[in-house]
Amino acid sequence: GQTVTLTWQTTNATSVTITATGADGSTRQISTNSKLSGSTPDKPSQNTTYAATASGADGSAQEQAKVAVGQPVPTLTFSADKTTVASGGTVNLSWQMTNATSIAITAVGADGVTRQISTTQNPAPDQPVENTTYTAVATGPGGSSTQQVKVTVTQALPTLIFSASSNSIASGQAVTLTWQTTNATSLTISAAGADGSKRSIPTNSPLTGSTQDSPTEDTTYTA
């Protein structure tokens, strides 16, 4: 897109024509405004060969000039709509680019695992569960441009609902303990008897579930 100036001088000519042939084989006529000597600007977007033909009563003469056109380097602006998000929350990644034909976005978590982010829509949503670095690479004929954004992921506090099927039973009778958790990675239940003795209640490791116990004295269950 940068301007090049074409200049010509002729003798014994009655007309001048200039043809521009691009690297892709396309041709264009360059206006000379019917001048037998002069100059004119052009803005080629690819490598171009200019051929000038001067014609007169005794024939014609032709000269060529070749112009190499460098492709501009892509520009990229890449951002996230938030830099801190709760685990599993949505972060929207947006970008703007020029002189580029494609863009790729990768996400690298704190554990080193790399994921590809779909760029079929802009902004592109993602739900990170750990601190994540997003890298965008815009690529075009003139090269590539890279930008990064980092998103800090906060872990939500666990929640727990814990209940017993009855708060008064006969000695040795079964009571059902039920629990539900969110954002938890483990659960333990302990039983403290009236005599001060303590026992662990097996949960078989589920974070949501139920189990039975048969206490023989007043017992406080703690999850």
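**Close-up 1. Salt bridge between Arg-199 and Asp-213.** In this predicted model, the side chains of Arg-199 and Asp-213 come together in a salt bridge, with a distance of 2.8 Å from N to O. Because Arg-199 belongs to strand S18 (residues 198-201) and Asp-213 to strand S19 (residues 209-213), the pair ties together parts that are 14 residues apart in sequence. Arg-199 is partly exposed, its relative accessible area being 36%, whereas Asp-213, with a relative accessible area of 11%, is buried.

**Close-up 2. Salt bridge between Asp-42 and Arg-28.** Among the 4 salt bridges that the structure holds is one in which the side chains of Asp-42 and Arg-28 meet at 2.9 Å, N to O. This pair links distant parts of the chain, since Asp-42 lies in strand S4 (residues 38-42) and Arg-28 in strand S3, 14 residues apart. Asp-42 counts as buried at 10% relative accessibility, while Arg-28 is partly exposed, with a relative accessible area of 36%.

**Close-up 3. Salt bridge between Lys-82 and Asp-81.** Here the closest N and O atoms of Lys-82 and Asp-81 are 3.3 Å apart, and the two residues form a salt bridge. Lys-82 counts as partly exposed at 28% relative accessibility, and Asp-81 counts as partly exposed at 44%.

**Close-up 4. An open sheet of 4 strands.** The strands of this open sheet follow the order S3-S2-S5-S6, and their pairing is antiparallel. Strand S3 (27-30) and strand S6 (59-67) stand at the edges with a single partner strand each, so one side of each has no neighbour in the sheet. On average, and with direction ignored, neighbouring strands of the sheet are turned by 20 degrees against each other. Strand S2 (residues 15-22) pairs with S3 in the antiparallel sense over 4 bridges, and Thr-19 has Gln-29 in S3 as its bridge partner.

**Close-up 5. The largest pocket.** The largest pocket holds about 410 Å³ of space, and of the 26 residues that line this pocket, Gln-9, Thr-10, Ala-52, Ala-54 and Glu-63 are the closest to its centre. Strand S1 (4-8), S2, strand S5 (48-56) and S6 each supply at least two residues of the lining, which by class comprises 12 nonpolar, 12 polar and 2 charged residues.

**Close-up 6. The second largest pocket.** The second largest pocket has a volume of about 260 Å³, and among the 14 residues that line this pocket, Asn-167, Ile-169, Pro-215, Asp-218 and Thr-219 are the closest to its centre. The lining divides into 6 nonpolar, 6 polar and 2 charged residues.

Methods: Residues are numbered from 1 along each chain as its sequence is written. This is a predicted model: local features need pLDDT of at least 70, side-chain atom pairs count only at pLDDT 80 or more; totals for chains, interfaces and linings use all residues. Side-chain values use heavy atoms; hydrogens and water are left out. Two strands pair if DSSP finds at least two bridges between them. Axes are lines fitted to C-alpha atoms, for helices over the stretch in contact, and angles run from 0 to 180 degrees between N-to-C directions. On a 1 Å grid over the protein atoms alone, a cavity is a set of points where a 1.4 Å probe fits but cannot get out, and a pocket is an open set with protein on both sides within 12 Å along at least five of seven lines; lining residues have an atom within 4 Å of a point. Grid points are joined across faces, edges and corners, and a volume is the space filled by probe spheres set on the points. Ala, Val, Leu, Ile, Met, Phe, Trp, Tyr, Cys and Pro count as nonpolar, Asp, Glu, Lys and Arg as charged, and the others, Gly among them, as polar. Buried means under 20% relative accessible area, exposed over 50%, partly exposed in between (1.4 Å probe, protein chains only).
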